[in-house]
Amino acid sequence: MEKIFDCIRLHFTTPLHISRGREQYDESAKVLHSDTIAAALFVAALRSGATPEEALAMLDGCRLSSAFPFWKDLYFFPKPLAYMPFSFKKIPEEKQGKSYKKIRYLSKFWFEKMLNGEEETIDKEIHLQQKEFLSEEPELSTVYKAEVVQRVNIPPDYASDATPFYTERIFFGPGAGLFLLVEWRDESVKDLFYRAFRLLGDSGIGTDKSVGNGFFDPEPGNIKLRLPDGATHQCALGLYLPLEGELRDEDLEQSAWMITKRGGYIAGAQNPEHISLRKRSVFMFQEGSVFPLKKLEGKRVDLKPDWENLHPVWREGRTVFVPIKLKPDNYEN
């Protein structure tokens, strides 16, 4: 069967830095997570004139994936954490697993084959590009590259010497950028959603927007995915935080997943005094995590620290899932 998803391509006009935490500027995260996008959209909606209630209704009315690379008409998806039905040409069986680990993204062509459980042979010399992209395009141009630059931190009161530090920025190659999928639960929120997204592109996403990072032009469109009949599991395309009791122990035993800790500082605080406050942390399932096929809703949580007169700090744990067909025991943590 086929399903059409709305998508938004982000054409970056400036470099991008995705924070890994305060004082960790020397390396940028490589994934723009769904909860980061949702939080940035919430703030952009408020800046566009929406009330907090309208901004929350906007998030309730859609589900977002994380943002993944694209190059021209090639879309790359996260590698599902289940066992891949592919084999590498001319590589001994005992070394196949090592080659699997190098793959980070699958092109739409290979992603659909994995979702449908179709066995294929990979020619490493042709299909594995730039070490982490499994693609049918043998001449894949540079999707992105990282560059470390030196900057200087000058104390506001000039009471001490300036301190040099290094920061990594991501540059996207010609024709490349990031894209995300959108599923609508309430299409009445579309106008506010796209208004907020345009404003977000003009104001930037990620870290160090004040020095020109993270600006992009959004391009709405759609993607058609070939999905399996008779699916056994589902794959998360963003960060997922389950409702209490939504996943049982027996569900996790039939799942393949990784978790990540989400927290950090309140970057978009309305009061400048709150920017130095650390949010409470929460653990979430990562992109590519695979769970048995059942209704998974997820939840949004408030990570507001215990501080007087502080507004809610929302973290979105609902995302897009796609079905996947696995053979018995084809999942492992």
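1. Helices (H or I, at least four residues) and strands (E, at least two) are DSSP runs, numbered from the N terminus. Counted this way, the protein has seven helices and 20 strands. This is a predicted model, in which local features need pLDDT of at least 70, side-chain atom pairs count only at pLDDT 80 or more, and totals for chains, interfaces and linings use all residues. Residues are numbered from 1 along each chain as its sequence is written, and side-chain values use heavy atoms, with hydrogens and water left out.

2. Overall figures. Buried means under 20% relative accessible area, exposed over 50%, and partly exposed in between (1.4 Å probe, protein chains only). Of the 333 residues, 50% count as buried. Contact means heavy atoms within 4.5 Å. Take the contacts between residues at least 6 apart in sequence: 76% of them join residues at least 24 apart.

3. Two strands pair if DSSP finds at least two bridges between them. Strand β14 (residues 233-236) is joined to β20 by four bridges. Within the sheet, Cys 235 faces Val 322 of β20. In general, strands of a sheet pair through backbone hydrogen bonds, either parallel or antiparallel.

4. Two helices that cross. Axes are lines fitted to C-alpha atoms, for helices over the stretch in contact; angles run from 0 to 180 degrees between N-to-C directions. The axes of helix α2 (residues 52-60) and helix α6 (residues 190-203) come within 9 Å and cross at roughly 100°. Angles under 35 degrees count as roughly parallel, over 145 as roughly antiparallel, 65 to 115 as roughly perpendicular and the rest as oblique. α2 and α6 are therefore roughly perpendicular.

5. Which residues of α2 and α6 meet? Glu 54, Ala 55 and Met 58 come from α2, and Leu 192, Phe 193 and Ala 196 from α6. By class, this contact has five nonpolar, no polar and one charged residues. Here Ala, Val, Leu, Ile, Met, Phe, Trp, Tyr, Cys and Pro count as nonpolar, Asp, Glu, Lys and Arg as charged, and the others, Gly among them, as polar.

6. Salt bridges. A salt bridge is a side-chain nitrogen of Lys or Arg within 4 Å of a carboxyl oxygen of Asp or Glu. The count comes to 22. One of them pairs Arg 9 with Glu 219 (3.0 Å, N to O). Arg 9 lies in strand β1 (residues 2-12) and Glu 219 in strand β13 (residues 216-226), so this pair ties together parts 210 residues apart in sequence. Arg 9 is buried at 11% relative accessible area. Glu 219 is partly exposed at 34%.

7. A link from helix to loop. Asp 251 and Lys 294 meet in a salt bridge (3.0 Å, N to O). Asp 251 sits in helix α7 (residues 249-253), and Lys 294 in the loop between β17 and β18 (300-302), 43 residues apart. Asp 251 is buried, at 5% relative accessible area. Lys 294 is partly exposed, at 28%.

8. Further charged groups. Glu 250 and Arg 248 form a salt bridge (3.6 Å, N to O). Glu 250 is partly exposed at 37%, and Arg 248 is partly exposed at 44%. Asp 60, Arg 300, Glu 316 and Arg 318 form a salt-bridge network.
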